[in-house]
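Please read them with the structure open.

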Amino acid sequence: MRTVHTAAAAMSGEAAAAVLTPVLDDLRKVCDFGLITQDLSDLPDVDLLVTGWGCPPITAAVLDRLPSLKAIVHTAGSVRGFVTDACWDRGIVVSSAAQANALPVAEYTVAMILLSGKRVLERAREYRSAKQMTGYDIPDTVGNFGTTVGVLSASMIGRRVVELLRPYDFHVLVHDPFVTEVDGAESVSLHELFERSDVVSVHTPLLPETRGLVSRELLGLLRDDAVLINTARGAVIDQEALVDEVGRIRAVLDVTDPEVLPADHPLWRHDNVLITPHLAGSQGNEWLRLGRHAVSEVRRWVAGEPFRTPVLAERRERIA
């Protein structure tokens, strides 16, 4: 007789509507799927929990009310904020859609590298003002031929960026203290990454040891007119130091510290800075990729197969 697995979801209503609702019928074909809630005290005792943005921490006290829970399938990226040590200690297996969410972040990064290389936004603004074409007096700092791109951290997203950059005429550098070799990139020291790069793209997880990692000293190593791209976390960069440097360098910030910056923050006023509203990750039709990934992982678990994208307990200290 086939075992019927029971499941519930813990996430915000907005996350459920965006990611889970489109795949609910598929989920219900493989398990007895019931409640969707952000209040963990409402959860029934299930053996599978589907989580998403807005899920509160799953503490030991929560687990005491869920003695049957054996697996967590997360429909978004990082599980750091809610999968506690109590979950790992009880042997609950965890899957995350971080790999699926990495693709749009990497795509955004590559798009910004290409656009900044051609100075598209600045030149479009100038064109709109002048209403006339420029001639051949274009400096050789404009363009994407032979550009050196530095990728800070060979994380899941960092590696995907390196992969997507392969068709272009770029020289790619990478720095990661835990990785010595990345296919398609030259591994260098942290200082060398900033000294040699025309563009530095930050993909470092925010951990106690990485807070403020992109320091005043490192920013000072960037050449004039270099570009700093951050799609990781705002606090990885010394933001006060960046304010002092953006007259000399350019920045593309999809994340800041805090989000949203105060209305009078000087970064809003700099023409050399593009700030986007944390949109690099999955949005719109990309949410369906996350939902389908979750369904696929639930199917595997119900069939007794290992997750395709597990989050391993031994890596808990290094996850974003």
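Predicted model: local features only at pLDDT ≥ 70, side-chain atom pairs only at ≥ 80, totals over all residues.

1. The contacts of Arg28 come first. Setting aside neighbours within four places in sequence, Arg28 is in contact with Phe33 and Gly34. The residue belongs to helix H2, which covers residues 24–30. Arg28 counts as partly exposed because its relative accessibility is 44%, the range for that class lying between 20% and 50%.

2. Which residues are in contact with Asp198, leaving aside neighbours within four places in sequence? They are Gly146, Thr147, Thr148, Arg223, Ala226 and Val227. Two of these residues can be described further. The side chain of Arg223 makes a polar contact of 2.7 Å with the side chain of Asp198. In Thr148 it is the backbone nitrogen that is involved, lying 2.8 Å from a polar atom of the Asp198 side chain. Asp198 sits in the loop between helix H8 (190–196) and strand E9 (199–202). With a relative accessible area of 18%, Asp198 is classed as buried, since the cut-off for that class is under 20%.

3. Ser282 is also a loop residue, placed between strand E12 (273–275) and helix H11 (287–302). Its relative accessible area is 5%, so Ser282 is buried. The side chains of Ser282 and Asn101 are joined by a polar contact of 2.7 Å. With neighbours within four places in sequence left out, the contacts of Ser282 are Trp53, Ala100, Asn101, Pro104, Trp287 and Leu290.

4. How many aromatic pairs does a search of the whole structure find? The search returns 1. The pair consists of Tyr168 and Phe170 and is tilted, with 5.7 Å from centre to centre and 35° between the planes. Tyr168 is partly exposed, at 35% relative accessibility, whereas Phe170 is buried, at 13% relative accessible area.

5. Leu115, Val120 and Leu121 make a nonpolar surface patch of about 210 Å². Leu115 comes from helix H5 (residues 98–117) and is partly exposed, with 34% relative accessibility. A residue needs over 30% relative accessible area to be part of such a patch.

6. The backbone deserves a check at two cis peptide bonds. The bond from Asp257 to Pro258 is cis, with omega near 5°. The bond from Glu259 to Val260 is likewise cis, with omega near 10°. Pro258 lies in the loop between strand E11 (250–253) and E12, and Val260 is placed in the loop between E11 and E12.

7. Positive phi values in residues other than glycine are the last topic. Arg119 has a phi of about 55° and is not a glycine; its place is in the loop between H5 and helix H6 (120–130). Ser153, again not a glycine, has a positive phi near 100°. Ser153 is in the loop between strand E6 (147–152) and helix H7 (156–165), and at 8% relative accessibility Ser153 counts as buried.

Note on methods. Residues numbered from 1 in each chain as written. Heavy atoms only, no water. Patch = residues over 30% accessible without salt bridge, like charges linked within 9 Å, V, L, I, M, F, W, Y side chains within 5 Å. Areas by Shrake-Rupley, 256 points an atom, 1.4 Å probe, with all protein chains shown as cover. Salt bridge = Lys/Arg side-chain N within 4 Å of Asp/Glu carboxyl O. Helix = DSSP H or I, 4+ residues; strand = E, 2+ residues; numbered from the N terminus. Buried < 20%, exposed > 50% of the residue type's maximum accessible area, 1.4 Å probe, protein only. Polar contact = N/O pair within 3.5 Å; in protein donor to acceptor, adjacent residues only side chain to side chain. Contact = heavy atoms within 4.5 Å. Phe/Tyr/Trp six-rings, centres within 6.5 Å; stacked < 30°, edge-to-face > 60°.
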